[in-house]
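Here are a few exercises to work through with the model open. Try each one yourself before reading its solution.

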Amino acid sequence: MSETNPCLTCGACCAYFRVSFFWGECQSAGGTVPDDQVVLITPQRVAMRGTEHKPARCNALLGNVGEGVRCTLYEQRSSPCREFEASWANGEHNARCDDARKAYGLPPLTPPLQPSVSPNRVA
Ligand code: SF4
Ligand code: SF4
């Protein structure tokens, strides 16, 4: 992650949503997520430990939301963790990112400024 990654000073989504996925992503099933970091929520699905109830906070999240955080399972994290992107990270708005940040009093991320083009520019 780069120095400018907004997630490094946020972490709200890891402490707001239930992070659930197919049990086959767990290590005992050949996946990456350590079994002791999940809880079974249905016969087919697990949730990251700590996110199965409200208020949610993933056990793997270190630090203070809105200040500085780190995922201790970053290389082993599940598909929903890999797929959840900060708003505008790839040019797309993510309303769920906004929702999680709002719950912690953090403002929504804004799109990067577009380079200004002079109306008098000669091609
Ligand atoms: S595993 Fe890491 S990225 Fe996924 S919810 Fe937990 S702290 Fe967040
Ligand atoms: S809520 Fe958005 S900015 Fe905050 S950690 Fe999650 S994806 Fe990153």
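**Exercise 1.** Find which residue stands opposite Asn64, then work out how β4 and β5 are joined.

*Solution.* Start with the pair: Asn64 faces Gly68 in β5. Next, look along β4 (residues 61-64) and β5 (residues 68-71): they run antiparallel, with 4 bridges joining them. Strands here are DSSP runs (E, at least two residues), numbered from the N terminus, and two of them pair if DSSP finds at least two bridges between them. Finally, check the turn: the hairpin has 3 residues between the strands, and Gly66 takes a positive phi near 85 degrees.

A quick word on ground rules: this is a predicted model, where local features need pLDDT of at least 70, side-chain atom pairs count only at pLDDT 80 or more, and totals for chains, interfaces and linings use all residues. Residues are numbered from 1 along each chain as its sequence is written, chains are lettered from A and ligands numbered from 1 in the order in which they are written, and side-chain values use heavy atoms, leaving out hydrogens and water.

**Exercise 2.** Work out the strand order of the sheet with 3 strands, and say which strands stand at the edges.

*Solution.* Begin with β1 and β3 (residues 45-48), an antiparallel pair joined by 3 bridges; here Phe21 stands opposite Val46.
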